[in-house]
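Hi,

Here is the structure I said I would pass on.

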Amino acid sequence: MQDRNPLDPALFRPEAISAETRLINEAIVKAFSAFPEWWEIGAQAVRDARARGDGGFPPAPKSGRARTIHIGGKGGHKIPLRIIAPDNPRGVYLHIHGGGWVLGAADQQDPMLERIAHNAGLACVSVEYRLAPEHPYPAGPDDCEAAALWLARNAEAEFGTDRLAIGGESAGGHLSAVTLLRMRDRHGYTGFRAANLVFGAFDMSMTPSQKAFGDERLVLRTIDIEKFADAFLKGQPDRRHPDISPLYADLAGMPPALFTIGTRDALLDDTLFMHARWIAAGNEAEISIQPGGAHGFVAFPGAIAAAANERIDTFLKRAVAQAGS
């Protein structure tokens, strides 16, 4: 169900930001300021640092029950899927990680996927999609589409349920929306029952909040967005094409969605705009706005992360349960 007044002006005022959140943001700026730019030292060097637990985000311990399978992708490419599943899952959550289409990895999401598996009762399947700049558009979206198509055909046999949800953070939110549109338009499939879109990038031509954010190193700055997009969209002239910027797509027939955003995120407008367009297309949508939340805030300890993550778990559990009613 939609919130009656999700855009309460009080959420966006400076006094709405708690002392705890301010301290967390100060710590984030300090931590991220200590690291070099990925485009200067190379994406792989930053990937390696993150794999070691460096790079500004809290370390993500590996799950002892995670397993990896490989499925076929476009052109014979093998796509790894990292799976964390409870016994007798209620549904399957196709997860797409963030990292600006350049960084991140499926095996760096285990604590979050363990939480969702436990709280929502879902088998979590995280896609190890190909990354830019080595593999620019459309490689990453192609891999996510292949994973979604595989789940649509095999979830019942693999997990004992065909109730599907999809979601991701940042670039993963973008790729989740793109995947839903591709599944509808290329395969006639509209079986996903929920979309968990967490501080996604939905307009690659840059929204006002992206352009205006500036250079404060609160995870994601204007220059970061520009560099990530240039790496991902190498040689793509039309950044408003719906397969690149889902904000400009026909959004009819999309599943119920939960949009999550912090007010100190450069992608604030992306979520506000996409939430409105989702509803205008006749779809159900909720929005969770956390005062002072920086980009990536759900990964950092604090009250706003706990509140947002609890709402995500509840949304996914409810959406999949309703799918079976």
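A quick convention before the details: helices (H or I, at least four residues) and strands (E, at least two) are DSSP runs, numbered from the N terminus. This is a predicted model, so please keep in mind that local features need pLDDT of at least 70, side-chain atom pairs count only at pLDDT 80 or more, and totals for chains, interfaces and linings use all residues. Residues are numbered from 1 along each chain as its sequence is written, and side-chain values use heavy atoms, with hydrogens and water left out.

I'll begin with helix α5, which is where alanine 139 lies. Alanine 139 has a relative accessibility of 9%, so it counts as buried (buried means under 20% relative accessible area, exposed over 50%, partly exposed in between, with a 1.4 Å probe and protein chains only). If you want a distance to check, alanine 139 and threonine 68 are 20 Å apart, C-alpha to C-alpha, and 71 residues apart in sequence.

Now the packing of that helix. Two packed helices are described by the angle between their axes and the distance between the axes. Helix α5 (residues 139–159) packs against helix α6 (residues 171–187) at an angle of about 60°, and their axes are 9 Å apart. Axes here are lines fitted to C-alpha atoms, for helices over the stretch in contact, and angles run from 0 to 180 degrees between N-to-C directions. That angle makes α5 oblique to α6 (under 35 degrees counts as roughly parallel, over 145 as roughly antiparallel, 65 to 115 as roughly perpendicular and the rest as oblique). The crossing of α5 past α6 is right-handed, a label used when the near helix is turned clockwise from the far one by less than a right angle, with anticlockwise giving left-handed.

Which residues make the contact between α5 and α6? On the α5 side they are Gly140, Pro141, Asp142, Cys144, Glu145, Ala148, Leu149 and Ala152, and on the α6 side Leu175, Val178, Thr179, Arg182, Met183, Arg186 and His187 (contact means heavy atoms within 4.5 Å). By class, the contact of α5 with α6 has eight nonpolar, three polar and four charged residues. For those classes, Ala, Val, Leu, Ile, Met, Phe, Trp, Tyr, Cys and Pro count as nonpolar, Asp, Glu, Lys and Arg as charged, and the others, Gly among them, as polar.

The loop between β4 (122–127) and α5 is worth a click too, and proline 133 is placed there. The peptide bond from alanine 132 to proline 133 is cis, with omega near 0°.

Next, helix α4 (residues 110–120). Its buried residues are Asp110, Met112, Leu113, Ile116, Ala117 and Ala120. Seen down the axis of α4, they fall within an arc of 165°, so they line one face of the helix; the arc is that of the directions from the helix axis to the C-beta atoms. After α4 comes glycine 121, with a positive phi near 70°.

Positive phi also turns up in residues that are not glycine. Tryptophan 101, in the loop between β3 (91–96) and α4, has a phi of about 65° and is buried at 7% relative accessibility. Methionine 206, in the loop between β6 (192–198) and α7 (208–212), has phi near 85° and counts as buried at 16%.

- Threonine 21 is in helix α1 (residues 19–33) and is buried at 3% relative accessibility. Threonine 21 is in contact with Pro291, Gly292, Gly293 and Ile304.
- Alanine 249 is in the loop between α8 (222–232) and β7 (257–264), buried with a relative accessible area of 5%. Alanine 249 touches Leu181, Pro242 and Arg277, and its C-alpha is separated by 9.8 Å from that of alanine 177, 72 residues apart along the chain.
- Alanine 266 is in the loop between β7 and α9 (268–280), buried with a relative accessible area of 1%. Alanine 266 is in contact with Ser209, Gln210, Phe213, Leu220 and Ile225.

Cheers

Definitions and conventions: Lists of a residue's contacts leave out its neighbours within four places in sequence.
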